Amino acid sequence: MRILSIETSCDETAISLVQTDGEFPSATYEILGNALHSQIDIHAEFGGVFPQVAKREHALALVPILISALSQAELLEEVPTNLDEASIEQLKQTLEREDGLASFLLDFLAKYSLPEIDMIAVTSGPGLEPALWVGISFAKAVAQVIGCPVAPVNHMEGHVLASLYDVEIDNALAPIKFPAIALLVSGGHTEIVLMKDWGVYEKIGQTRDDAVGEAFDKVARLMGLPYPGGPEIGRRADIARKANALPYKEVLPRPMLHSNDFDFSFSGLKTAVRYSIDGATLTNDEKNALARDFEDAAIEVLLKKTQKAIDHYDAQTLIIGGGVSANNYLRQTFTESLLGSHPHVEIYLPHRNLSTDNSVMIALAGHAQLATARSAGAIQFISASGNRSL
Ligand code: KG4
Ligand code: ZN
């Protein structure tokens with residue numbers, strides 16, 4: 001099968017072409033083309049992602065990213081597409097709310113033809129609703145031209161499968177043992193999901209306020225570091241750890257560490273960092289030390305809650321996914337601690353290129369969904385803000 005996948009849930013516009021061979025979950029996936037445009041520079045100016053800005057940027061980027069993915073795959077054919085009046089009208093209607101995207105796509109079709117595609121997988125949630133809708137409408141319009149089905153898929157399932165996808169050795173998903181626990185840590189979500197089988201998800205814990213990635217970003221902002229601050233906090237914390245730096249001030253709190261559930265809370269930790277800074281301008285070393293103190297606190301809570309979930313459900317596998325799983329200290333701490341506490345548990349972390357938002361994971365989730373015959377409606381285990389039916 002050839003899958004075209006589209007991701008626009010937040011601030012990355014991404015399109016991939018993935019060739020599958022075999023049945024889920026033992027198929028192999030060859031990435032024919034994988035293009036991504038990050039809006040980070042634009043959002044950095046505002047210190048965060050504004051949905052209407054993201055929507056406009058997706059509308060601008062989708063056609064160039066499609067061209068880039070198709071040319072990587074050597075599937076960009078410079079032959080105009082024959083569209084009758086009715087098809088043009090339908091395409092315009094599908095894209096009428098998407099800021100010029102209809103004319104960008106029509107210009108593209110006046111020059112190029114689309115290749116044969118068996119299915120389009122598109123992120124339908126969770127995410128920023130206006131941003132999601134650009135991708136969904138684009139998927140529908142392209143599907144109308146090609147005459148193929150569209151599978152609306154769950155972004156969080158994408159992160160789960162990205163962590164299981166071995167892009168370097170066999171291009172396949174790891175044959176994991178169930179039950180599995182997935183810790184999903186990103187800019188919008190922090191949750192623990194119980195996976196009893198492929199495609200069977202139950203959210204057992206989540207943040208009650210900020211997501212952990214959001215906390216990284218907000219703490220970075222408090223220190224005057226640019227958006228998104230997660231990677232910069234990670235980099236600085238590594239320096240402080242290597243230098244054995246003393247804590248910046250007092251030990252930061254570990255919110256909900258001992259609560260009798262699998263939930264999290266990170267906004268109090270962020271507030272504690274704010275009080276700790278107390279309006280001061282930090283030196284470089286102080287920033288590094290505070291980044292380390294914050295990271296220690298955040299990762300300790302993630303680790304303890306995850307270990308508790310593994311014990312409670314007797315999990316055989318731990319999957320860690322989402323943007324924050326790119327964090328060095330998280331990777332190292334989970335790997336080392338679990339080796340000591342749960343040596344029988346196999347840990348899966350995403351390849352670094354697939355840890356933050358991308359469209360390869362959306363192709364994997366589309367294939368999974370097809371095989372397990374679910375609809376996006378059935379996987380609303382995570383607040384699916386954009387999950388309207390197509
Ligand atoms: O999964 P993702 O790309 O987008 C969402 O679905 O939210 O995650 C983005 C989040 C941001 O908050 C970013 O700061 C954080 O992941 N992040 C990191 C690192 N790389 C990205 N946080 C800590 N350390 C990192 N190395
Ligand atoms: Zn994500």
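The model is predicted: local features need pLDDT of at least 70, side-chain atom pairs count only at pLDDT 80 or more, and totals for chains, interfaces and linings use all residues. Residues are numbered from 1 along each chain as its sequence is written, chains are lettered from A and ligands numbered from 1 in the order in which they are written, and side-chain values use heavy atoms, with hydrogens and water left out.

**Sheet**

- An open sheet is formed by 5 strands in the order β3-β2-β1-β4-β5, with mixed pairing. Strands pair if DSSP finds at least two bridges between them; helices (H or I, at least four residues) and strands (E, at least two) are DSSP runs numbered from the N terminus.
- β3 (28-38) and β5 (150-154) are the edge strands, each pairing on one side only.
- On average, neighbouring strands of this sheet are turned by 20 degrees against each other, direction ignored.
- Strands β2 (residues 12-21) and β3 run antiparallel and are joined by 10 bridges. Thr 20 has Tyr 29 in β3 as its bridge partner.
- β4 pairs with β5 in the parallel sense over 5 bridges. Val 122 has Pro 152 in β5 as its bridge partner.
- In β5, 4 of the 5 residues are buried, where buried means under 20% relative accessible area, exposed over 50% and partly exposed in between (1.4 Å probe, protein chains only).

**Helices**

- A right-handed β-α-β unit is made by β4, helix α5 (residues 129-146) and β5. Right-handed means that, with the strands pointing away from the viewer, the path from the first strand over the helix to the second runs clockwise.
- Helix α12 (residues 360-371) packs on the sheet and touches β1, β2, β3, β4 (119-125) and β5; contact means heavy atoms within 4.5 Å. The direction of α12 makes about 100 degrees with that of β4. Axes are lines fitted to C-alpha atoms, for helices over the stretch in contact, and angles run from 0 to 180 degrees between N-to-C directions.

- His 159 lies in helix α6 (residues 155-164) and Asp 357 in the loop between β10 (346-348) and α12, so the pair ties together parts that are 198 residues apart in sequence.
- His 159 is buried at 2% relative accessible area, and Asp 357 counts as buried at 14%.
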